[in-house]
Amino acid sequence: MAKIVLISGSMNPNSTSKSILKRIGKALDKQGHDTDMICVLETNFPLYHPLKPMTDEMQKVSKTIQSADAFVIGSPEYHGGYSGALKNLLDYQDGSGFMQKPVALISSSGGMKAGINTLNSLRLIFRSLHAHVIPQQLAVCEKELNEKGELDEGVQKQLLTLVKGLLQEISLRYQSK
């Protein structure tokens, strides 16, 4: 089975993106995959500087990324884009950990489908890292959550479609090796 790393780009401890990533992680775990979560909130990386040596925490995160077979990346939308904390974490990576690996993208926002800009921006970033960004993606707005913070039925179906698409890409990757 595959090792799938989920990366939460939110600095909010009550993040919708992180909650959705946890749900995806549980679905992948149930199917026998090994999942690991990286949360930018917990990494506390300093602002990227190319001459600063990597800390032990940075090296641990890089090793986790290098060991992954695939990724699910989630970020809230801030002012039309993904979080600066996520970009900072990615700037510390040399890119080889993402090369030719499947990546699924999710975003959450307060506005109706405003997370699309975040998804488009992340798609460009991961393409530049030579990752294989899958076509399925998920943008969730507050109106698609009930009082308990649960996803509405339509979003749950989209989430399952995203997971299925990621697993298909992982399967194709293993078949080609």
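T161 is partly exposed, with a relative accessible area of 43%; here buried means under 20% relative accessible area, exposed over 50%, and partly exposed in between (1.4 Å probe, protein chains only). T161 belongs to helix α6, residues 153-176.

T43 is buried, at a relative accessible area of 9%. It sits in helix α2, residues 40-43. Helices (H or I, at least four residues) and strands (E, at least two) are DSSP runs, numbered from the N terminus. Leaving aside residues up to four places away in sequence, T43 touches I38, E57, V61 and L89, where contact means heavy atoms within 4.5 Å.

## About the model

This is a predicted model, in which local features need pLDDT of at least 70 and side-chain atom pairs count only at pLDDT 80 or more, while totals for chains, interfaces and linings use all residues. Residues are numbered from 1 along each chain as its sequence is written, and side-chain values use heavy atoms, with hydrogens and water left out.

## The nonpolar cores

A nonpolar core is a set of buried Ala, Val, Leu, Ile, Met, Phe, Trp, Tyr and Cys residues joined through side-chain atoms within 4.5 Å. The largest one has 27 residues, and I7, F71, F98 and F126 touch the most other members. Elements supplying at least two residues each include β1 (3-8), β3 (70-76) and α5 (116-128). Helix α5 gives the most, with four residues.

Apart from this core lies another, of 22 residues, among them I4, V72, L138 and L162.
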